[in-house]
Amino acid sequence: MDDLLSQPVLEARHIARHFGAVIALADASLTLNKNEVLGLVGDNGAGKSTLLKILSGIISASSGEVLVDGTPIQLRRAQDAMDAGIETVYQDLALVDTMTAYQNVYLGREEISKNPVARFFNLVDDRQMRQRAREVLDSLQVKIPSINVTVKGMSGGQRQCLAIARALLWGRRIVILDEPTAALGVRETGQVLDVIRELRKQDVSVIIVSHNMQQLMSVADRITVMRLGRSIATRTVKDTQVSEIVGLITGAIPGDHQQEAETALPA
Ligand SMILES: Nc1ncnc2c1ncn2[C@@H]1O[C@H](COP(=O)(O)OP(=O)(O)O)[C@@H](O)[C@H]1O
Ligand SMILES: [Mg+2]
């Protein structure tokens with residue numbers, strides 16, 4: 001029982017990936033626990049996005065292992081990750097401008113990528129769809145003017161929140177966010193961070209990449225630091241400081257040497 005409760009929902013073990021001669025990832029590991037927000041940090045080119053793309057099934061690993069609930073899984077395509085309960089929110093978001101908020105939330109990325117209009121008219125119960133979308137948005141306290149207006153005029157923060165809400169509607173248990181607030185202003189960023197906190201309350205675990213340490217430390221439980229394609233340290237947010245994380249990122253503070261970053265800090 002204890003084992004089951006403490007079992008990570010997602011683990012990446014010793015992931016490597018090269019693109020021709022370029023080594024994007026040399027040896028990256030991370031652990032995501034249930035009800036946890038894990039921050040992933042590192043300098044530009046450290047390999048964060050590559051690792052997240054591997055966990056999203058967008059690209060394959062050259063070597064290493066990914067486990068969900070302790071079971072190794074094969075991630076050959078994005079659908080494999082989604083089937084395993086992993087949702088990735090991309091910066092371009094894949095929202096359809098001409099559709100309303102609720103339609104965007106209701107439609108999975110899979111469906112949007114097909115003919116969205118045709119797809120929409122095939123979806124039967126519009127009322128139920130609306131209801132469900134509203135429930136999800138309310139539960140996450142997403143503040144938008146109306147679920148019935150097109151998303152075209154919505155702010156970046158609102159759009160980001162809608163894309164995140166979609167993960168919940170589809171019952172995903174793991175949400176991956178690569179720099180979700182990079183293009184947002186202060187208020188909008190706050191909105192997105194609040195939604196991330198709500199997600200966690202609803203048993204969704206989150207991996208988030210951000211360069212803003214203050215923000216990250218306000219939302220994350222632990223932070224894994226990457227440098228030059230390796231995960232070099234993991235810190236519990238309440239036991240660290242921005243200066244330590246920055247030192248680890250730049251190399252001013254050495255990493256933990258253990259390749260399994262998650263074993264770096266025994267309780
Ligand atoms: N498709 C690709 N082809 C060649 N090199 C790539 C590709 N994707 C990433 N890289 C390289 O891999 C390294 C890690 O990139 P990335 O994962 O995007 O880092 P980060 O997200 O931490 O900034 C960089 O040196 C980058 O140039
Ligand atoms: Mg990146």
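Colleague: Which strand does E7 join, and over how many bridges?

Modeller: Strand E7, residues 174–178, is joined to E8 by five bridges. The two run parallel. Keep in mind that this is a predicted model.

Colleague: What stands opposite Ile208 there?

Modeller: Leu177 does.

Colleague: How does the chain cross from E7 to E8?

Modeller: Through helix H9, residues 186–201. That β-α-β crossover is right-handed.

Colleague: And which strand pairs with E8 over four bridges?

Modeller: Strand E3, residues 37–42, in the parallel sense. Within that pairing, Gly39 has Ile208 of E8 as its bridge partner.

Colleague: Is E8 mostly covered or mostly uncovered?

Modeller: Mostly covered. Strand E8 spans residues 205–209, and five of its five residues are buried.

Colleague: Which way do its residues point?

Modeller: Ser205, Ile207 and Val209 point one way from E8. Val206 and Ile208 point the other way. Both sets are buried.

Colleague: Switching to ligand 1. What surrounds it?

Modeller: The shell includes Phe19, Val22, Ala24, Asp43 and Asn44. Also in it is the run Gly45, Ala46, Gly47, Lys48, Ser49 and Thr50.

Colleague: How does that split by class?

Modeller: Four nonpolar, five polar and two charged residues.

Colleague: Which elements each supply at least two residues of the shell?

Modeller: Strand E2 (22–32) and helix H2 (48–55). H2 gives the most, with three residues.

Colleague: Which polar backbone atoms come up for the ligand's oxygens?

Modeller: One belongs to Ala46, 3.2 Å from a ligand 1 oxygen. Another belongs to Gly47, at 2.9 Å from an oxygen of the ligand.

Colleague: What about the side chain of Ser49?

Modeller: An N or O atom in that side chain is 2.9 Å from an oxygen atom of ligand 1.

Colleague: How much of the ligand's accessible area does the protein cover?

Modeller: 60% of the 560 Å² that ligand 1 has on its own.

Colleague: Now backbone angles. What is the phi of Gln141?

Modeller: About 55°, so positive, although Gln141 is not a glycine. Gln141 sits in the loop between helix H7 (126–139) and helix H8 (156–169).

Colleague: What about the phi of Glu179?

Modeller: Near 50°, a positive value in a residue other than glycine. Glu179 lies in the loop between E7 and H9.

How values were computed. Residues are numbered from 1 along each chain as its sequence is written. Chains are lettered from A and ligands numbered from 1 in the order in which they are written. This is a predicted model: local features need pLDDT of at least 70, side-chain atom pairs count only at pLDDT 80 or more; totals for chains, interfaces and linings use all residues. Side-chain values use heavy atoms; hydrogens and water are left out. A residue is near a molecule or strand if one of its heavy atoms lies within 4 Å of it. A polar contact is a pair of N or O atoms within 3.5 Å; within protein, one must be able to donate a hydrogen and the other to accept it, and residues adjacent in sequence count only if both atoms are side-chain atoms. Accessible areas come from the Shrake-Rupley method with a 1.4 Å probe; for residues, only the protein chains shown count as cover. Ala, Val, Leu, Ile, Met, Phe, Trp, Tyr, Cys and Pro count as nonpolar, Asp, Glu, Lys and Arg as charged, and the others, Gly among them, as polar. Buried means under 20% relative accessible area, exposed over 50%, partly exposed in between (1.4 Å probe, protein chains only). Two strands pair if DSSP finds at least two bridges between them. A crossover is right-handed if, with the strands pointing away from the viewer, the path from the first strand over the helix to the second runs clockwise.
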